[in-house]
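Subject: Structure for you to look at

Hello,

Here is the structure I said I would pass on. Please open it next to this email and follow along.

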Amino acid sequence: MVDVKLLGLWYSPACHKVEWALKLKGVKYEYIEENLQNKSPLLLESNPVHKKIPVLIHNGKPICESSVIVEYIDETFEGPFILPKDPYDRAIARFWDKFFDDKMGAVVNTFLHKGEEQEKGKEEVGEMLKILDNELKDKKFFVADKFGYADMAANFVGYWLGVFQEASGVELATSENFPNFCAWRDVYVNCSQVKEYLPPKNDLLAFIQAYAQASASKT
């Protein structure tokens, strides 16, 4: 009997981060697709504070927030370690996870909104790319020499950012401006450890374009 459930959305990078962790650990789980326009009673009951996905339910007990969930999975289930064993490396991995989470709003504003919000988002995303371009010089991974937690958290900039660019026509991350980041991104999206955990590009592209058109029609 399945005692692990994941409430999520197929297009959410946070949900994919959690699924990634579950699959790395070899945990069997039931995935339940949510609808943010008509949230299920299970979601509202499981996350009454934020009413957001993802939510992991293990033995009837809900755990919320993707980063908290991944750490719970790492500590609870047998399998390869997701966070580094070394305390310093673990702290650095958590730092990058928080960094990516903090920048998600700026990316959304840049590619899905217009006017002042978009311009402010462009400036913040540009600063983010400068930081990442410097960090990724001569590096394949964010922490030490092994794919891990921080690289999983980087799925938003490694994959979703490129799809956002293609869908909107707004090009910020180019090999001319950010060669180290773009070189890392190209390797990242073609890595076998990554590809199987990402949603189909065409489906994600169509979803983002439809969302952008719907948002524009409301303004």
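This is a predicted model: local features need pLDDT of at least 70, side-chain atom pairs count only at pLDDT 80 or more; totals for chains, interfaces and linings use all residues.

The whole protein

The protein has 10 helices and four strands. Along the sequence, their order is β-α-β-α-β-β-α-α-α-α-α-α-α-α. The radius of gyration is 18 Å, close to the 17 Å that the globule rule gives for 219 residues, so the protein is as compact as a globular protein of that length. Its C-alpha trace spans about 50 × 45 × 30 Å along the principal axes.

Of the 219 residues, 44% count as buried. The protein exposes about 11900 Å², and carbon and sulfur atoms supply 52% of that area. If you take the contacts between residues at least 6 apart in sequence, 67% of them join residues at least 24 apart.

The sheet

In what order do the four strands lie in the sheet? The order is β2-β1-β3-β4, in an open sheet with mixed pairing. β2 (30-33) and β4 (61-64) stand at the edges; each has a single partner strand, so one side of each is left without a neighbour in the sheet. On average, neighbouring strands are turned by 20° against each other, direction ignored.

The pairs of strands can be taken one by one:

- β1 and β2 are parallel and are joined by four bridges. Here L7 stands opposite I32 in β2.
- β1 and β3 are antiparallel, again with four bridges. L6 stands opposite L56 in β3.
- β3 (residues 55-58) and β4 are antiparallel and are joined by four bridges. I57 has P62 in β4 as its bridge partner.

When you look at the side chains, remember that in a regular strand they alternate between the two faces of the sheet.

Why is β1 described as largely enclosed by the rest of the structure? Four of its five residues are buried.

Helix α1 (residues 13-25) packs on the sheet, where it touches β1 (4-8), β2 and β3. The direction of α1 makes about 160° with that of β1. The chain passes from β1 through α1 to β2, and this β-α-β crossover is right-handed.

Regards

Methods:
Residues are numbered from 1 along each chain as its sequence is written. Side-chain values use heavy atoms; hydrogens and water are left out. Two strands pair if DSSP finds at least two bridges between them. Helices (H or I, at least four residues) and strands (E, at least two) are DSSP runs, numbered from the N terminus. Axes are lines fitted to C-alpha atoms, for helices over the stretch in contact, and angles run from 0 to 180 degrees between N-to-C directions. Contact means heavy atoms within 4.5 Å. Buried means under 20% relative accessible area, exposed over 50%, partly exposed in between (1.4 Å probe, protein chains only). A crossover is right-handed if, with the strands pointing away from the viewer, the path from the first strand over the helix to the second runs clockwise. The radius of gyration is taken over C-alpha atoms; the globule rule is 2.2 Å times the number of residues to the power 0.38. Accessible areas come from the Shrake-Rupley method with a 1.4 Å probe; for residues, only the protein chains shown count as cover.
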